[in-house]
Amino acid sequence: MLKWITGALFIVTLAACSPNNVTVDNSLKKYFDQNKVTGCFGLFDNGQGHFTIYNLPRFSDSVYTPASTFKIVNSLIGLEEGIVADTNTVFKWDSVNRPRTECNRDMTMWDAFRISCPPWYQELARRIGQPKMQHWLDTLGYARRYDTFKIKNNLDTFWLDNSAKVTADEELGLVKKLYFDQLPFQKRSQRIVRSMMLWENNSNYKLSYKTGWNTTPKGTQLGWIVGWIEENKHPYFFALQVESPDPNIDFKTIRIGLLKQILKEYGFFEGKK
């Protein structure tokens, strides 16, 4: 059963996983196999109110670290609380040299989101503070699939250290509500975050997404790509999750490549949907 976040409550959007509103398409396994990953995928056709899902149990019931997909929520809270004014807000580099050298500089929110730099967003979380961060997580019902999530002494790592966990279904529900200005934030805040998620925009389609990459408690690599594709002003929302035991796997290439393989099979990118 699929549950989406709204306010402080999970709302059941499907009374039952029936052929009327869900197509389970396990033929997509071939694309996961080709890329030597496991995982799940969900696509929601908003116009038809219909889900297409690969690996339904994992999609709806298994929880994992959100990793950098949490930058969507972190950005919204930062904007709403006035910690950042807009995408041009700059945080000064703390002069700590980290392995990802592209993050070792003064940086705007736009760059930090697009490059997906953890230190910038960890600083944003610290500036927001635990009481306000917890308030917004409670308001969203974030990471509450099985229990209420409470920040402990990990304000700047909870989305990275496997303490907060979400389902792929939650991720899809979050980006759907973001698209329609249905999250409990000002429309301006949601519009700004949507602008940072738009990566491809041409006469046939618009593709918007946020990625994430981290390790699970078992030490395997976990990747996300969540967002929407829009053709003829008709949005389709997706959440793709991939996992691999290979510490050297190239998720940067695999995530977008696998997503496009699936979307192409479903007839996207031609402007005909």
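This is a predicted model: local features need pLDDT of at least 70, side-chain atom pairs count only at pLDDT 80 or more; totals for chains, interfaces and linings use all residues.
Me: How many aromatic pairs does the structure hold, and is the pair of phenylalanine 149 and phenylalanine 158 stacked, edge-to-face or tilted?
Reply: Rings of Phe, Tyr and Trp (its six-membered ring) pair if their centres lie within 6.5 Å, and planes under 30 degrees apart count as stacked, over 60 as edge-to-face and the rest as tilted. The structure holds 19 aromatic pairs. In one of them the rings of phenylalanine 149 and phenylalanine 158 have centres 5.5 Å apart and planes at 40°, so this pair is tilted.

Me: Is phenylalanine 158 buried or exposed, and which cluster of rings holds it?
Reply: Buried means under 20% relative accessible area, exposed over 50%, and partly exposed in between (1.4 Å probe, protein chains only). Phenylalanine 158 has 0% relative accessibility and therefore counts as buried, and phenylalanine 149, at 8%, counts as buried too. Ring pairs link both into a cluster made of Phe70, Tyr142, Phe149, Phe158 and Trp159.

Me: How are tryptophan 199 and tyrosine 209 paired, and which strands hold them?
Reply: The two rings form a stacked aromatic pair, with 5.7 Å from centre to centre and 15° between the planes. Helices (H or I, at least four residues) and strands (E, at least two) are DSSP runs, numbered from the N terminus. Because tryptophan 199 and tyrosine 209 lie in separate strands, the pair ties together parts that are 10 residues apart in sequence, and these strands are E8 (residues 198–201) for tryptophan 199 and E9 (residues 206–215) for tyrosine 209.

Me: Which charged residue lies over the face of tryptophan 199?
Reply: Tryptophan 199 counts as partly exposed because its relative accessibility is 36%, whereas tyrosine 209, at 11%, counts as buried. A charge sits over a ring if NZ of Lys or CZ of Arg is within 6 Å of the ring centre and within 35 degrees of the ring normal. The residue over the face of tryptophan 199, at 3.6 Å from the ring centre, is arginine 114.

Me: Which cysteines does the disulfide join, and where do they lie?
Reply: A search of the whole structure finds 1 disulfide, a term for a pair of cysteine sulfur atoms within 2.5 Å. The disulfide joins cysteine 103 to cysteine 117, S to S 2.0 Å, and with -85° about the S-S bond the link is left-handed. The pair links distant parts of the chain, 14 residues apart, with cysteine 103 in the loop between strand E6 (90–91) and strand E7 (107–108), and cysteine 117 in the loop between helix H4 (109–115) and helix H5 (118–128).

Me: Which residues of helix H6 are buried, and what arc do they cover?
Reply: In helix H6 (residues 130–140) the buried residues are Met133, Gln134, Trp136, Leu137 and Leu140. The arc is that of the directions from the helix axis to the C-beta atoms. These residues are on the same side of H6, because the arc they cover is only 165°.

Me: Where is serine 95, and what is its phi?
Reply: Most residues other than glycine have a negative phi. Serine 95 is found in the loop between E6 and E7, and it counts as exposed because its relative accessibility is 52%. Although serine 95 is not a glycine, its phi is positive, at about 70°.

Me: What is the phi of phenylalanine 269, and is the residue buried or exposed?
Reply: Phenylalanine 269 is placed in the segment after H9. Its phi is positive, near 85°, in a residue other than glycine. With 15% relative accessibility, phenylalanine 269 counts as buried.

Definitions and conventions:
Residues are numbered from 1 along each chain as its sequence is written. Side-chain values use heavy atoms; hydrogens and water are left out.
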